[in-house]
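Hello,

Here is the structure I said I would pass on. My notes follow below it.

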Amino acid sequence: MRHTESELRKLLTEHGGERAHHGPSVHLDAIVKRGRRTRRIRRAVTGGTAAAFAVAAVGLVNGLLTGPSGMAETMVAQRSADSAQVDPGPKLPEKFPVVLGANKFDLPLIHSQRFKTEGVTRTVTFTPSSFFTGYKVVCDDPRAWVVTSHQLKSGEGGGTAGRCREGVGGHHDRLSAPSDWLKRPQSMQVWVFPADAPVKEVAKAVTGCRPIWKSKGCDETAQSRELMHPEVRERLLAEIGEQPGGWAVGIYDRSATAEPAPNGEPPANIEPPTEGTSTPAGR
Amino acid sequence: MDDGFAEYVAHRRLRLCRMAYLLTQDWGTAEDLVQTALSKAWLAWRRVEGNPDPYVYRIIVNTHASWWRRRWRGEVPAATVPETADPRDTSAEVDDQAVLWSAIGTLSPRQRAVIVLHYFEGRTLTQVADIVGCSPGAVKRQLSRALTRLRVDPDMQTMKLERV
């Protein structure tokens with residue numbers, strides 16, 4: 001038996017109208033009371049986070065972290081202890097170290113966006129100032145899944161997928177950036193899924209999730225690959241819906257105040273990194 | 001803090017509950033869903049610009065999806081809905097509706113939201129995309145899959161069969 005759209009519409013109208021004469025038991029005072037309670041809880045949680053943050057900052061100032069691997073945490077230590085506002089959420093490194101053979105340089109953060117929810121497609125738009133534009137995604141939960149997608153040269157799509165850990169990212173170079181990279185604003189899409197998202201189940205259902213090389217079954221390496229399939233992501237989005245979960249994305253490139261570089265090369269006066277810490281993949 | 005919130009609730013709560021009922025298929029859950037969504041909207045009310053409907057609908061859709069994900073789902077969706085009696089039989093029409101209503105309950109929350117927003121609320125696919133937070137193309141695909149699962153043919157016109 002097949003149905004028509006008008007039958008579906010009629011069914012929804014009839015069912016939606018059921019019990020209408022009783023009137024819903026949704027009352028304004030109950031809504032406001034509930035809202036106030038949520039606000040009180042949020043304020044209490046923020047206060048607790050601030051206290052924990054202050055303790056962590058003191059510990060870090062004592063020199064626990066040195067070197068580029070602790071870059072995000074080092075930024076925390078550099079914050080003044082008496083900051084009026086504590087910005088909860090993951091911290092983006094101030095610089096993105098690029099290593100291209102013998103060439104090493106840092107790209108400063110030129111744009112960042114913070115999000116408080118996961119399970120939603122986010123598009124980040126930015127204006128590149130060189131061919132070496134980098135990006136990094138950091139998350140509250142290091143086990144959250146991150147997928148990024150952007151255009152490569154000759155129109156094909158590229159990106160990364162995996163657990164967030166200390167941050168997921170990468171950067172372009174002359175060979176990977178699309179030809180119009182410097183001619184107009186560019187964008188990339190980012191998806192962050194909760195750590196317990198049913199990636200394996202969805203990947204198996206949609207693509208079969210074949211093992212990669214020597215990996216056994218649909219392990220996390222295979223799951224990461226499957227996350228690059230739009231249909232897997234779409235099914236996950238439908239399954240999960242929008243959920244609370246903080247993360248941030250940073251775009252790294254020549255400083256906006258730097259001299260324009262028509263050839264897209266990074267400026268010569270960019271400081272070399274203190275140590276070689278990153279692969280071209282930037283992870 | 002009010003800024004029209006009380007008027008909005010008074011004016012829209014019935015419609016919101018109806019929409020929530022079509023998502024949850026349970027009046028108690030629907031009312032709880034609307035109350036939860038409105039309490040979230042109340043917190044951000046001053047920041048809401050223009051028509052608050054898309055914002056409130058979005059909270060309802062997302063809250064429903066998160067509840068749906070948390071609860072245990074013991075039912076096993078059938079790949080095909082069962083065939084019913086002779087379509088000319090009047091009782092078959094009732095059965096058909098029951099089957100269709102039951103099939104709506106097996107859709108994913110996102111698909112259900114797309115169906116309800118488009119066919120019950122009369123929203124365009126672009127408006128639906130704005131509410132559920134994805135591209136119009138993704139909404140179109142969700143809608144197409146949902147209609148296939150419900151066995152609703154968008155090209156088929158209502159045809160009254162002659163009763164002998």
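A residue counts as buried if 20 or more other C-beta atoms lie within 10 Å of its own, exposed if 12 or fewer, and partly exposed in between, with C-beta atoms placed from the backbone. By that rule, 31% of the 283 residues of chain A are buried.

The model is predicted: local features need pLDDT of at least 70, side-chain atom pairs count only at pLDDT 80 or more, and totals for chains, interfaces and linings use all residues. Residues are numbered from 1 along each chain as its sequence is written, and chains are lettered from A and ligands numbered from 1 in the order in which they are written.

Chain A has six helices and ten strands (DSSP runs numbered from the N terminus: helices are H or I, at least four residues; strands are E, at least two).

Now the contact between the chains. It takes 39 residues from chain A and 46 residues from chain B (two residues are in contact if their C-beta atoms, placed from the backbone, lie within 7 Å). Strand 1 (residues 3-4) of chain A also pairs with strand 1 of chain B, in the parallel sense over two bridges. There, A:Thr4 has B:Asp153 as its bridge partner.

Regards

How values were computed:
Two strands pair if DSSP finds at least two bridges between them.
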